[in-house]
Amino acid sequence: MKMLTVLASVFLITASANASEQCSDLLNYHVGDTGPEKGKVFYVDDSGCHGLEAKATDEINTLSWKDAYIAANTYGSGWHLPTKTELKVLYEHRSRVGGFAKDDYWSSTELDINSAWIQGFGNGDQDRYNKYSRLSVRAVRKF
């Protein structure tokens, strides 16, 4: 619950920064919906207008951390490798998003020059891995 509170705070700041954009009642999103960039919504703030969406599928191949970071950013429109916190929320809503392997997924959160945090989608654990390891990747974006 603490993690969702932190994530909600991040979105309040984002929503305030985008105050010129008005939210239409017709654009209220819910977890599991198709997002504005055709991803699957896995987090929505209280307004129903802002949240996070994930690509509908993983990258075709497992990738090293550097390659995962590059691949996730190539989609444009704010797509990126999820942070450790975003990935934990994605794991918590994995059944509503679908298509995940029971594998470990890269986050963009680095521990040090040689390792980054991962989310286990088989057991739910977060851990650190050597950046040269080849893991699954799912890009996300804010909306």
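Start by selecting residues 51-54, strand β2 of this predicted model: strand β2 pairs with β6 in the antiparallel sense, and three bridges join the two.

Now widen the selection to the whole sheet. Three strands make up this open sheet, in the order β1-β2-β6, and their pairing is antiparallel. Colour β1 (40-44) and β6 (140-142) as the edges: each has a single partner strand, so one side of each is left without a neighbour in the sheet. As you step from one strand to the next, the twist averages 25°.

Time to move to another sheet. Here, too, you will find an open arrangement of three strands, with the order β3-β4-β5 and antiparallel pairing. Select β3 (104-110) and β5 (126-130) to see the edges; each has a single partner strand, so one side of each lacks a neighbour in the sheet. With direction ignored, neighbouring strands of this sheet are turned by 40° against each other on average.

Zoom in on residues 115-120, strand β4, which runs antiparallel to β3 and is joined to β3 by four bridges. Click on Glu110, and then on Ala116 in β4, its bridge partner.

For the last stop, show residues 65-73, helix α2. Which strands does helix α2 lie across? They are β3 and β4, and the helix runs at about 85° to β3.

Key
Residues numbered from 1 in each chain as written. Predicted model: local features only at pLDDT ≥ 70, side-chain atom pairs only at ≥ 80, totals over all residues. Heavy atoms only, no water. Pairing = 2+ DSSP bridges. Axes fitted to C-alpha atoms, helices over the stretch in contact; angles between N-to-C directions. Contact = heavy atoms within 4.5 Å.
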